[in-house]
Amino acid sequence: MIPSAQLGFNLQPLLEQLNQDELNKFKSLLRTISPQDELQHIPQMEIEEANGKQLAEILTSSFPHCWVEKVTIQVFDKMNQTDLSKRAKDELQGEQTVSQEEGFTLTFYFSGLTQVQGKGATHPEEVKESLEGEKPDEGEEHRSGVKAIGQTLKENYWPEVRSHEFTQRYERLKTFCNPETLPGPFPYTVVLHGPAGIGKTTLAKKWMLEWTQDELPKTLKFAFYLRCKEMNHQGTCTFAELLSKTRLDVQEAKIPDQGQNILFVIDGFDELRIPLESLIHYICGDWKKQKPVPILLASLLKRKLLPKATLLVTTRPGSLRELRLLAEQPILIEVEGFSELSRRDYFLKHFEQEDQALRAFEAMRSNPALFHMGCMPPVCWVTCTCLSRQMEQGQDPATTCQTTTSLFLHFLCSQFTPVPANCPREPLAAALRAVCLLAAGGLWAQTSVLDGEDLKRLGLQESNLQPFLDKNILQEDTHCEGCYTFVHLSVQELLAAVFYILDSEEQKDEASCRLDIGDLQTVLSKEEKLKNPNLAHLRYFLFGLSNEQRARELETTFGCPVRPGIKQELLTSLSEGTDPFSSTTDVKEVLYCLYESQEEMLVKEATAHTREMCLHLQNKVDLVHSAFCLQHCQNLETISLQVEKGIFLENEEASESHVWEERSQNDPHMLSLWMDLCSAFDSNKNLIHLDISQSFLSTSSIRILCEKIASDTCHLQTVVLRNISPMDAYQNICTCFGGYETLTHLTLEGNDQNDMLPTLCEILRHPKCNLQYLRLVSCSATPEQWADLSSSLETNQSLTCLNLTADELLDEGAKLLYLTLRNPQCFLRRLSLENNHLTGAYFKDLSSALIVNLRLTHLCLAKNDLGDSGVKLLCEGLSYLDCQLQTLVLYYCNITSDGCINLSMILQQNSSLTHLDLGLNHIGVTGLKFLCEALKKPLCNLRCLWLWGCAITPSSCADLSSALSSNKNLVTLDLGQNFLGYSGVKMLYDVLKLQSCPLQKLRLNIDKSDAQTQKLLSKIKESNSKLTIERDDQEPKNNRPSSHDFIF
């Protein structure tokens, strides 16, 4: 047990100050404030019965002391116990002054403050000067970031302020981080995460500098900068030695054991090379114990060392999972980089002429993937550097920005003068192979900072890389001697891709003999995609480099040809094992790869056997890739579209005028891409199925879609529109279908469509209408409009299936349909009126319609309050020999055993009824007995019976067993959600094990833990192999057990 004295304050006397009512309130608030998983392992009764002393012991012995401190002060503040809260806070602050016996003397310092945006600086004052001397295009964005985000950190993490304005991306923050929390003097682990080059390090250093200069008495006094890449090479040492290794920058002081008022910046957590398992296994809390430095850093993160120090960690998103396992309750803040407006300003400052700047900016913005990468300052610099050179030479920047590959390749090649044909090419070619090997080695080692050991491991020397060092494509790390880094991660990924496509036997040998660098097949394999998602951009660049024009550019510059057959290898990788378009994730990656290639023939070959594609357009990048590829998918038959909100501008409200201006300028480009995507509808003669669901469109995008659908060359047969906006989208699209001869199936669902029926009636009345199936869900209409639909059904001779689900039909509208069914000109064969608030009042009309209608074979009345009286009226019509009804769905219709009496009589009379669904009706033992009597009769033609959730008990199984022994027609029986237990299954055993039993499919509610029943079912399967027994694992919810058989 951890004694209360180890807390920053003595908890027991504080709790003993509370009277019984106050203590009960403390306990109640404790559970309210604390996340469920914190207290769930403590019995509630134990907490409720505890007095002040006992509660202090429970808390201090069961939870981390930092957590107890935070929550205790939090609860005191909520109870307005200001004196107790102040006492606790004062004791915590008092702990910061410790005696020599409680701590030890160490020299405080700043280590590693040696680079801000590429500038050398070795002293805090130099860092300040370096920051103040930044050019506007380099530092302004981060300066505003410090002012806004840095200030927010202070406001949230220091005791004086309670504002919570920062963006939280961590899904389960502890209670003390929510907006209602009253802060205290607690330690925090703050994680800055974002892609390479976004500015995490610069931002962390600026915050560190500001914090150390803050004169507030309660804020941090000392800061340490620890760079993980350097820490990998420190060897073993004690934690005290680690902190003593750099020179003196601040006077000698005492470090308390707990480490109050100390900030550690742990920069580049993703660069640690020791596996997570080892980091956790060898965690150490001893200052004097020799450990590898990464283990000491992990111990700091795990708060085994200096548990009250404040930690600021930077990492790339790929390492967040490992960091969460190490860090105690981290607060994650995403560094988002340049805004769109800041990117525009960057271009304006880089180019001397405004028109050139804006032209280059628009070229970059035309490629959403590249434009998104532009939030990283280095990418903006690469783009501006590359495009400015092109424009000086009179070239069009738009072509270069078409793909990410084309931009970075052109940047790379523009740094070198193409080697003339009559000059030796080998020196530059050899340098290219060397730097590509280094890039590939770094990616497989998951690092962007490479050192002498990496060079030695790859058989390289610095001289091999000199041409790329001279051009600053590869740079020496100014504060880590002997280390190298690429100008940006994307350049490293591009060079790694070049490593795999060069036509060089030497290159192939390099890859094959090195176990730490996978070959091309490994890079492209599905297994490696799952194991190493960091290689995704490498794959994109591989496809981009397969473009013939880019391959020529590479060969012209460096004298290195691309290996033959690379396209075929890439195509083979796409079709490896399964259809590359079988899942949404695969579709996105494949379309990205194909877009980067900009090779139409490659797209055609890759999609030659693809018949169906599901496109989830979440952003503009998805739209660009889909629009390019879909134009060349010649054999597609089915397209499913889902368009997220924000892609199209119309029908949205912009919160700020400049946002609206930026979006409105970009919207024409999105509409142009949308037009390219929709061109598949009128250019692909094989496309016959279209499904648009959960989509946010606009008036303009709907107009473009309608133009393409209405084209003479579009031959859609099936159209599904489900939950799309704007509201008039349904009506506008359906207007295209008047006289649309190929359309046979139409589904309109969601958004409470109004005024849809007049348009549908026009479609049905058109002499060229061939619509066979119409599903209308959640439709509001007037009685006059329902009457118009009924009239249209009498004139239309193609529609055979009508599904009106969850519509505001009511009894009055239903009566009009019943009368239509009586008309000999009505050709409906299947009718669903599910969940239309119908009652038994008008079922006399339906019953009479069943008598005279010779076409209707399927009727669904599910989720309507028929009751037993409604069933009785219905059975009057079913009793006539001319009635052709085969399938009747009465799921959840408030039917009892009395209703089963009438149904049983019908089933015994040589009725045409073969499928009956009585699911979720409380028919019970008596109702089942009546149905079993019918099953025994030789005239009963029932083949499928669904009794899901019908309150059937084990004792009913005797009647069921007897019925199955006599019946020769029943092939499907659903007894799901009925507890039969071992005794019930035992009664069925004797008949189910017989080969003569007609049943082919049986659905049961099976208890996995019931070994007896499981054994019995195994015996049945052994004896009767044709019987399939299905488990009833979950509720069918909207999909009833009979939904597959009630064909719509």
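**Close-up 1. Polar contacts of the Ser-847 side chain in the predicted model.** The side chain of Ser-847 reaches the backbone oxygen of Leu-873 at 2.7 Å. A polar atom of this side chain also lies 2.7 Å from the backbone nitrogen of Gly-877. A polar contact is a pair of N or O atoms within 3.5 Å; within protein, one must be able to donate a hydrogen and the other to accept it, and residues adjacent in sequence count only if both atoms are side-chain atoms. Ser-847 belongs to helix 41 (residues 843-852) and is buried, with a relative accessible area of 2%. Buried denotes under 20% relative accessible area, exposed over 50%, and partly exposed in between (1.4 Å probe, protein chains only). Not counting residues up to four places away in sequence, Ser-847 touches Leu-873, Leu-874, Glu-876 and Gly-877, a contact being heavy atoms within 4.5 Å.

This is a predicted model, in which local features need pLDDT of at least 70 and side-chain atom pairs count only at pLDDT 80 or more, whereas totals for chains, interfaces and linings use all residues. Residues are numbered from 1 along each chain as its sequence is written, and side-chain values use heavy atoms, with hydrogens and water left out.

Close-up 2. Strands (E, at least two residues) and helices (H or I, at least four) are DSSP runs numbered from the N terminus; two strands pair if DSSP finds at least two bridges between them.

**Close-up 3. The open sheet of 3 strands, in the order 12-14-13.** Pairing in this sheet is antiparallel. Strand 12 (449-450) and strand 13 (474-476) stand at the edges, each with a single partner strand, so one side of each lacks a neighbour in the sheet. Strand 12 pairs with strand 14 (residues 484-486) over 2 bridges, and Val-449 is partnered by Thr-485.
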